[in-house]
Amino acid sequence: MLVQLARRLHPDARITVLTGAGVSAASGVPTFRGPNGLWKNFRPESLATPEAFHRDPKLVWEWYDWRRQILSTKKPNRAHEVLAAWSRRYRDFTLITQNVDGLHERAGTRNVIRFHGSIWEVLCSNNCSGSPARWLDETVPFPEIPPKCPHCGGLIRPGVVWFGEGIDPDVMRRSADALDCDIFLTVGTSAVVYPAASLVHEAKARGAYTVEVNVESTPASRLLDLALQGPAEEILHGLECRITRPSYT
Ligand code: OAD
């Protein structure tokens, strides 16, 4: 199966990849769902909604600061590396990630669309006129929680998309453009959070060959052209070996 898929990934193929938390699992980053997922021990509505931030910004920031501390010790794994190599090799390659961890960028991936934002970016919660729309702040840990806007002294918030918030229109437009592709791979996502989960179906409707890579089956598995079950870091490595060395068995 990998051999046939490797043939489809020829130099002129237009490739779009959607990633989720499973891609970072081998780096030691916790996923959200599943037995050890973050949402087993934490309630999204207490930590990842605008209402939660309004109610208790200190609690929300303590959680994000804790996640930033964990992430600052993690490195990209083989799955990130293979996708980074593809982004440099293929002329028409887009990576849409739901992950906010920044590991795709650290692996050197080009043309990354951060569908759910970045945990390393912040924005002024007052939308103050002195500050940019969002900016990079990699302080770990923050000396004061909740951290303050350097321009107006109000609170800053993490640059991530929370439940109940819409996707940035520009991100949505660029993602929609990337659905006109030859191959759409969805990797390491439970395929339950919308609108991200709808992208693969839209790509299929537009004629793409759709592939899922996941350690388990998801609601999308049986609707796609090919479901490859196994760890992303192993399957993408195996695929890359077959692309770069056609004699590889
Ligand atoms: P989930 O935690 O929901 O799903 C992770 C998926 O990765 C599961 O389907 C696992 O089976 C799979 N998985 C785990 N290890 C893997 C591995 N080594 N290789 C391949 N697959 C593996 O994470 P997401 O689908 O990314 O949203 O979650 C989507 C969104 O829900 C997140 O972006 C976040 C969360 O709430 C926001 O924060 C807005």
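**Cysteines, a pocket and a covered strand**

Cysteine 128 counts as buried, with 14% relative accessibility (buried means under 20% relative accessible area, with a 1.4 Å probe and protein chains only). This is a predicted model, in which local features need pLDDT of at least 70, side-chain atom pairs count only at pLDDT 80 or more, and totals for chains, interfaces and linings use all residues. Residues are numbered from 1 along each chain as its sequence is written, and side-chain values use heavy atoms, with hydrogens and water left out.

The structure has zero disulfides, a disulfide being a pair of cysteine sulfur atoms within 2.5 Å. For cysteine 128, the closest cysteine sulfur belongs to cysteine 149, and because the two sulfurs are 3.9 Å apart, they are too far for a bond.

Now turn to where two domains meet a pocket. Domain 1 (2–28 + 76–116 + 168–244) and domain 2 (30–73 + 120–160) both contribute to the lining of the second largest pocket, so this pocket lies between them; the domain bounds come from an automatic or database domain assignment.

Finally, follow strand E8 (residues 209–214), where six of six residues are buried. Strands here are DSSP runs of E with at least two residues, numbered from the N terminus. On one side of E8 sit Tyr209, Val211 and Val213, on the other Thr210, Glu212 and Asn214, and all are buried. E8 pairs with strand E7 (residues 183–187) in the parallel sense over five bridges; pairing requires that DSSP finds at least two bridges between the strands. Within this pair, valine 187 stands opposite valine 213 of E8.

Key: Buried means under 20% relative accessible area, exposed over 50%, partly exposed in between (1.4 Å probe, protein chains only). Helices (H or I, at least four residues) and strands (E, at least two) are DSSP runs, numbered from the N terminus.
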